[in-house]
Amino acid sequence: MAAHSCSYSALLLIICSVSVFIVADSQDTTLSGGHHAAAVEDNPQAATEAAEKTSEQPAVEERSWEATEVEEATLHEAAADKQDTPAPETEAPSPVPQPKDDFQEELVIRPLHSGDIYASFQFRTLWETDFMSGNKVSHYRLFPKSLGQVISKFSVRELHISFTQGYWRTMQWGQPFQPAPPGAELWVWFQDSVTDVDGTWKELTNVLSGIFCASLNFIDSTNTVQPSASFKPLGIGNVTDHRFLRYATLPREIVCTENLTPWKKLLPCGSKAGLTVLLKSEKLFHSSFHSQAVHIRPVCQDWQCKTTSWELRQTLNVVFDLHTSGQGKREWSLFKMFSRTLTEACPLASSSKIYIDITDDPQGELFELSPATPLLSQAMVLGDRRTFSVYDLTQPLTFGTVRSLNPLIRWKSSEGDMLRPLLHAERYVAGYGLQTGEIHTLMYNNHPYRSFPVLLLDTVPWYLRLYIHTLTVTSKGKDNKPSYIHYQPSKDRLRPHLLEMLVQLPPNSVTEVTVQFERALLKWTEYTPDPNHGFYVGSSVISSLVPSIVAMDTNITMDRPLFSSFFPCKEESSFFVRVYTEPLLVNLPTPDFSMPYNVICLTCTVVAVGYGSLYNLLTRSFQIEEPSPGLAKRLANIIRRMRGVPPL
Amino acid sequence: MGLLSDPNRRRALISLLTRLNAPICVVCYMAGVAWFMGLAFEPFTLRTYMSENAMGSTMVEERFPAGEKALATGREFAAHKKKAGGMPVDWLVKTMQSRGLEVFTQRFSRTLPFPDENKERYMVKGTNVYGILRAPRASRTEALVLSAPCTPGDNNNQAVGLLLGLAQYFRSQVFWAKDIIFLVNEHDLIGMQAWLEGYHHTNTTGMDWSPLQGRGGSIQAALSLELSSDVITSLDLVLEGLNGQLPNLDLANLFYAFCQKIGVLCTTQGKLQRNDWDSVSGYSHAVQTMMLMVLKQASGRSWGDHGLFLRYHIEAATIKGINSFRQYKTDITTIGRLMEGMYRKLNNLLERLHQSYFFYLMPSLSHFVSIGYYMPAFGLLAIILLLRALDLWVQLTAPPPRTEDGVVDPEQMSSPGVLSVLTPLVISHLTGVALYTLPIRFQEMAVEHFPVSETEAVVLTAIAVYTAGLALPHNTNRLLSGGGTEQGWKVLKLVAVLYLAVLLGCTALINFSLGFILAITLVPVAAFVTPHVPKFLSAFIMIVLSPACTLLFSVFFFQELQEMPISFLDGWMLYLSVISQGILDHCLYGSLVYPLIALLVYPCWLIFWNILFWK
């Protein structure tokens, strides 16, 4: 079993890291590919560039596919010199030593089939420094000082924190770029030099609580777990001992402007310039989904990977609703979404771009995009080949004559349906009454012919006592034995249940995981102030390598050379996906807190009456009472006593 | 507590209780009934008030504008329903989808144990359609339900129309914190049962349903809407659910508050509230309203589609639109505004409705009787049983009277054998089991041999078994070799009286109305019956007060209260159908009244019948 788990975790580590690289980097790498293509063409005329681009698409693709193997570190070089623009003053490669830090910002807008629109911001700060080497880092430029101090003080190797309000609707919206569970999620890998991991974790959560103005200080041992396989480091490093990992979620955390403001303060431009001017809370919180995250990880500095740099990615995802914000009209613009337009890039940014996903609309019959942009880009995103229109904010040309950019997407028809997401999951509590219940987790594999393994991570608070012997995993009516199970039972008031399983999902099937539980009776001080609201159980996490949509199509009709399309190539054959289920709200048996007075009265009465009379009966000695003699006899006795004879 | 430890005073008290037993019992009985009747008198009752803070002070504004459009949708729905000859599933799915909901369907099928002649159904197949309005930035943990039944014929089209209109209007609002599920259920309660079982993944009644694809977390509250006309005169609130369960009183308060605010006439039990409580007619009106509620609650049926929610701890009520001949009419936009207001307040809830009462009776919508006020009425009846038991206990433990020659009668001394007490108990319970199982088991045989339909066969078998149980004393006496002694029936009666007291006490805690009605009829029987009373008169009284006759009287009384008196023959037919409905309710939804009567109450009554014919 141990050998099994080892090999699996090693496998998963590889899987995770490879796939994350792919997902994260594919866009940039394809861009560089596109750049090369343009360079080969060597056509300086900007006016004809658009036509050139579109005609060159197949070539671009092939290039991009070749380029997907490119390592992380080359990216920012590529990013630095990738502009085929007549704007050399922005970021021309220069002989002077490269700046030690670098900032990029981008916004991806994807129109969704439901008519909603998905906007995803990413801000990436890269700093070639070493917090761990002992010498104190005190000069900060782009990297936020507050986070830098956290990294060095608590010996953090990786830190991922997300605040989400709402639930990502996979069936309507497809997969998100950065998945996150409702509420707050925090997972941290510590350096292996940390001796007291739990203590450091406790301090770290309190500090982060202050930085992000969130109730992260509610993270304690009762909701912290150490997943053995589901959360592997995303940065470089080969320590995968999960003793240095801590994972916690707070499904109840409510995210609002007080969390957004400190998050924005971490950005070099604040909310003054660049894409960040769009982040106005009155619009961001008038949406269906809002998720903001901070990811810190060490990455390679260059190709040889001799030294590491620190990468800070700040992401913000938001989905605007067609019916409430769009007034039902299928038409979106930056102004309609954020009630702002763009006038400039962040001056500190080396790259500042807006991508608009136009994959579903290659010929422009579904929606129209204005102003049209000459730049196109292709990228492999979540196993699918996507085409984007690109607006480069570092070029003044982008803003046109009106000096402001406000891309507008107007639907022409509402036709077309979405490809079903290959993997999605849902969860609910079954049963009624306040004694027992059953947690059902459903995992859907919608792939028509491929099965794939998924890792399920379940964290259940101790007050739901899982009956682990009732755990069943069934797919297509048959028992589906997990090949790896890691279960850590809970301890009352100390730690939660942790259940990790590696389950193979058969093609085109639903796999159902059920486990029964008993609801514990809490001590009266342990109830929350609103006990009748219920108690939250955090989302399950499903991590998997999903066969990609591109690879699904074995009968390729697109004009690709035949020799290139027989064996599916490895990078494309699958992509990493993390799916979060909805959190659960479970009612526990709750005393009637509004009746302490009645209870006191009743108890006192019972004690007084019951105890008093019983005590009385127990302590009293009983004697048979002589019946009192008659008057004549009493007189006779008096006379007899006077006479000195014994009485009658 | 000297009473217990002082043998003299204890003896005095006991002798007082035994000597004055009969008068005390009569006084208690009168007091119990009087107390109960007094509950409807307005000065003795409490005004309803909103206990839930989240629904109280927060003001909401109702702006639902699209009543006419909802009516048009309702007409469209009616046309499609007629065309499809049932639930127009495709049309509903498309309509809900176009309103921006996530739509799912659920198929279900159920074969009834015997044909339901009231609703003319036997093998039921149907589809529920529901759409979920996802609340923005909520994480699918809480939901509210609005349901409307899809009934055959021309009923409830307006309800579905209004439901769809509300869905469209709600969809464009941003203030929702809980998902809202709009459910159109087919075959009223059966569809609702299938949906609820699917939602909670339980199967209590052996129904076939396809699993649900979409959920909204734990349901906090539900309203069921029944509306069959374009304009209405009043809205009626139905609260009684399965097994006499009631939703939290705050739900009724919410409805009443919004009716007051918007200016809609509202009723409960179809009775308008009156202001002249001090007049005789005003008082009798309140009594009628309360008695209707008691009878409905005692029946253990679900009096609307909401009734099945209560099992899952979901507060639910049915709102019925009533169109009578009154002048003043309310249009559908107003009803839509009322629903909007209620949902917005339910949306504001931070916790489940739990602040107010779960056990109450309502003599009018603005007044209620809480459990603390009505329980003494039952307690006064129950104490009679305890007094009788005490009396019997004293008689049994008292030294036997010496005969003239000073020799104790040996036969009197010997305590009765266990067998003489156990036999009647076992036999009467076996009869109860027969009453519970035979009607459904033997319906096919009965249909073969007698010219009756299945339903009639079930009901008539039940009545036949019930009647056959009356021959029990003969059988018992034949089994007992020596015949009963004087001690024997006393022991048996002591057991029976205590049994009845426990039984009624438990029933009244769960379903007060049922417990009280049974107590009113069974307590006098239990109190007076001995082998020494005149046989024929007593037998007649006992039969009149038996559970079956109680049900018959209740049927007539209910019709009388509803101001729909019926002839004896119609009443008898109604009585038969009520029995069949009771059995069906048990099989389909798990109502407990039929097994309670058949397995516990009826055997208990049989024991008293046995005592009457003790030899």
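In the predicted model, B:Glu563 is exposed, with 59% relative accessibility; buried denotes under 20% relative accessible area, exposed over 50% and partly exposed the range in between, for a 1.4 Å probe and protein chains only. B:Glu563 is located in the loop between helix H21 (547-561) and helix H22 (568-589) of chain B, where helices (H or I, at least four residues) and strands (E, at least two) are DSSP runs numbered from the N terminus. Although not a glycine, B:Glu563 has a positive phi of about 60 degrees. A positive phi, of about 50 degrees, is also found at A:Ser339, not a glycine either, in the loop between helix H11 (334-338) and E10 of chain A. Most residues other than glycine have a negative phi, and most peptide bonds are trans. The peptide bond from A:Ser370 to A:Pro371 is cis, with omega near 0 degrees, and A:Pro371 belongs to the loop between strand E11 (367-370) and strand E12 (375-381) of chain A.

Residues are numbered from 1 along each chain as its sequence is written, and chains are lettered from A and ligands numbered from 1 in the order in which they are written. Because the model is predicted, local features need pLDDT of at least 70 and side-chain atom pairs count only at pLDDT 80 or more, while totals for chains, interfaces and linings use all residues; side-chain values use heavy atoms, with hydrogens and water left out.

Strand E10 (residues 351-357) of chain A has seven of its seven residues buried, so the strand is largely enclosed by the rest of the structure. One side carries A:Ser351, A:Lys353, A:Tyr355 and A:Asp357, and the other A:Ser352, A:Ile354 and A:Ile356. Strands are paired if DSSP finds at least two bridges between them. Strand E1 (residues 101-111) of chain A runs parallel to E10(A) and is joined to it by six bridges, with A:Leu107 partnered by A:Ile354. Strand E13 (residues 384-392) of chain A is antiparallel to E10(A), with five bridges; here A:Ile356 is partnered by A:Ser389.

Over all chains there are 50 aromatic pairs, defined by centres of Phe, Tyr and Trp rings (for Trp, the six-membered ring) within 6.5 Å, with planes under 30 degrees apart counted as stacked, over 60 as edge-to-face and the rest as tilted. The rings of A:Tyr611 and A:Tyr615 are stacked because their centres are 5.8 Å apart and their planes at 20 degrees. These tyrosines are four residues apart in helix H14 (residues 596-619) of chain A, and so about one helical turn separates A:Tyr611 from A:Tyr615. A:Tyr611 is exposed at 55% relative accessible area, whereas A:Tyr615 is partly exposed at 47%. One aromatic cluster includes A:Trp263 and A:Trp332. The charged end of A:Lys336 sits over the ring of A:Trp332, 5.5 Å from its centre, the criterion being NZ of Lys or CZ of Arg within 6 Å of the ring centre and within 35 degrees of the ring normal.

The largest nonpolar core has 192 residues, and B:Phe182 is among those with the most contacts inside it; a core is a set of buried Ala, Val, Leu, Ile, Met, Phe, Trp, Tyr and Cys residues joined through side-chain atoms within 4.5 Å. Helix H23 (residues 593-612) of chain B supplies the largest share of this core, 14 residues. Another core, of 87 residues, lies apart from it and includes A:Ile161 and A:Phe231.
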